[in-house]
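Hi,

Here is the structure I promised to pass on. Have a look at it first, and then read on for what turned up.

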Amino acid sequence: MLDTTVTTRTQEVLDTLNEAFAAGDVNRIKAQFATDSYWRDLVAFTWNLKTAEGPDQIGEMLESQMAAVKPSGFKLQDGEMPTEEGGVITAWITFETEVGRGWGLIRLQDDRIWTLLTALQELKGHEEPRRTRRPMGAKHGAGKNRATWKEERDAEAATLGYDTQPYTVIIGGGQGGIALGARLRQLGVPTIVLDKHDRPGDQWRKRYKSLSLHDPVWYDHLPYIKFPDNWPVFTPKDKVGDWLEMYTKVMELNYWTRSEVTKASFDEAANEWTVEVNRDGEKVVLKPTQLVLATGMSGKAHVPEFPGMDDFKGTIQHSSQHAGPDEWEGKKVVVVGSNNSAHDICAALWEHDVDVTMVQRSSTHIVRSETLMDIGLGGLYSEEAVANGVTTEKADMIFASLPYKIMHEFQIPLYDQMRERDAEFYAGLEKAGFELDWGDDGSGLFMKYLRRGSGYYIDVGASQLIIDGEVKLIKGQVDHFEEDAVVLSDGTRLEADLVVMATGYGSMNGWAADLISQEVADKIGKVWGLGSDTTKDPGPWEGEQRNMWKPTQQQNLWLHGGNLHQSRHYSLYLALQLKARLEGLDTPVFGLQDVHHLS
């Protein structure tokens, strides 16, 4: 029997919101929110990605936006019933604005709103050609000299960027650029994706040969085309590369390979970018209105400089340059770093009879893959979740509905469970001398990723090699290089034929400096992080990923990326922002991010 009480209580709150929206009564809307409450909006109300915390901030957002947005029609999503657990009612909702339609998730405590997620899904009059609106494809009938699909595609590829200009240029053709390119293609936004590699997917193919995704398949789908049901849980890198290459073709992306941007500049008066491209030896000048950097949060290698590096007779590689262990059998290798890439590389080297030493410079959070899949992700991204009706789209929205301000509170108990389950494993690591941490507040991997994008390893076997002493572990800081060795600050001397610097990546802000100018990079400020005032994520609090998928302080410049999950989910909201601007819709941005601690 349906719980009509829960449904009625939820509908009453939604009815009150609709009445207050129609009347423009901000105070009445604020009164529907609990004292500790959060409204996270993905483009629908703010033309931004923004979380308002507490009734006062919510009121400020509404005072600014409500007249232009004209929200209406808040109701329970068709076919979805509210649920109540632990005194919290959770309900899927839909709504409309003046220019679009959206959906979201609402949580009530004591019949007041605790958390509200509103996400724009489509623009009225500019809906994607999907399902009942899908194109016919075949042109029935007869006509003189009519072009085939292939002829039309060839003509577009030959003219876009030459005879006609794209509205958007995406620099970077990895999973981020490809996902966004697919979204924009479906929305009819003329777009070119630029990438320096020979083939789509080479960003993965050219990494060390043992690399595979550590996230499960249910977490990693691209927009529109999900991995098939027989796809492996953890995808090997070359298989990822082949999938991305296939995807660019079937999604009909205008994807330029062997195309490297040499210079970009913005003309405010003309409201357009000038992007100079070396396209396989040919200089091409593009004039897009919008420019997106999808160069990868892990795209700009960070290689520290130490005295004596020029004198070292062996080889020094960043982890992104390391192809694999094959040529190092019987040699001595030092891997500087102790996060994901360092562990993967050490394990592959050990498998090929390499004398390998890991240098741990700072503590690392480690979680076993099986445990993470079960406790950390199983409820949202797993075969069991799919069987329970939690689609990828629902899972993305559930995850997005937890405000960053309180997300750690949900994560801490999960990682407490992991620590307890794998106590023997962690004891072995500590006995081996490995320095562990669980994040500044015990909230584990996801918060570390969101706050700083580093400092963790999902264990798929390398940790046991450290426990067993098969991979040697040294803790300390690199002081200098000698002709045949790395020397640590305590004088420890590590002979090496190869040194792999698994030292991470710099901010995407650095790409703006390289491709455009330091002035523009400074104008944008820090990219990534929440402002949580934890290690490598200094405040002030922003409450969203800094400068990602939303307007920046540089007009018509956007940053897009993240893991496959984020590239899939947030590409929709960035694409809708770009489409709205192409169509000349009013896009009043609320809460444009301030610039802090430039990097």
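Charged residues number 15 in the lining of the second largest pocket, alongside 12 nonpolar and 11 polar ones. Please keep in mind throughout that this is a predicted model. The space in that second largest pocket comes to about 960 Å³. Its lining is made up of 38 residues, and W103, Q121, R130, R131 and E393 are the closest to the centre. If you want to find the pocket by its secondary structure, look for the strands β3 (72-76), β5 (88-96), β6 (100-109) and β7 (112-123), together with the helices α11 (392-400) and α18 (564-582). Each of these supplies at least two residues of the lining.

The largest nonpolar core has 162 residues, and F45, L62, L194 and V335 touch the most other members. Nine residues of this core come from α18, which is the largest share. Another core, of 14 residues, lies apart from it and includes V334, V478, L488 and L494. As for L194, setting aside its neighbours within four places in sequence, its contacts include V169, I170, I171, W256, V261, V275, V277 and L286. The glycines G172 and G173 are also in contact with L194, as is S259.

The model has 25 aromatic pairs. In one of them, the rings of F21 and F45 have centres 6.1 Å apart and planes at 45°, so the pair counts as tilted. F21 sits in helix α1 (residues 4-23) and F45 in the loop between β1 (33-42) and β2 (49-53), so this pair ties together parts that are 24 residues apart in sequence. Both F21 and F45 are buried. They also belong to one aromatic cluster, which F21 and F45 form with F33, W39, F74 and F95.

Is A462 buried or exposed? Its relative accessibility is 6%, and buried means under 20%, so A462 counts as buried. Beyond its neighbours within four places in sequence, A462 is in contact with H343, A347 and Y457.

Happy browsing, and do write back with any questions.

Best wishes

Methods
Residues numbered from 1 in each chain as written. Predicted model: local features only at pLDDT ≥ 70, side-chain atom pairs only at ≥ 80, totals over all residues. Heavy atoms only, no water. 1 Å grid on protein atoms, 1.4 Å probe; cavity = no way out; pocket = protein on both sides within 12 Å on 5 of 7 lines; lining within 4 Å. Points joined across faces, edges and corners; volume = space filled by probe spheres on them. Helix = DSSP H or I, 4+ residues; strand = E, 2+ residues; numbered from the N terminus. Nonpolar A, V, L, I, M, F, W, Y, C, P; charged D, E, K, R; others polar. Buried < 20%, exposed > 50% of the residue type's maximum accessible area, 1.4 Å probe, protein only. Contact = heavy atoms within 4.5 Å. Core = buried A, V, L, I, M, F, W, Y, C linked by side-chain atoms within 4.5 Å. Phe/Tyr/Trp six-rings, centres within 6.5 Å; stacked < 30°, edge-to-face > 60°.
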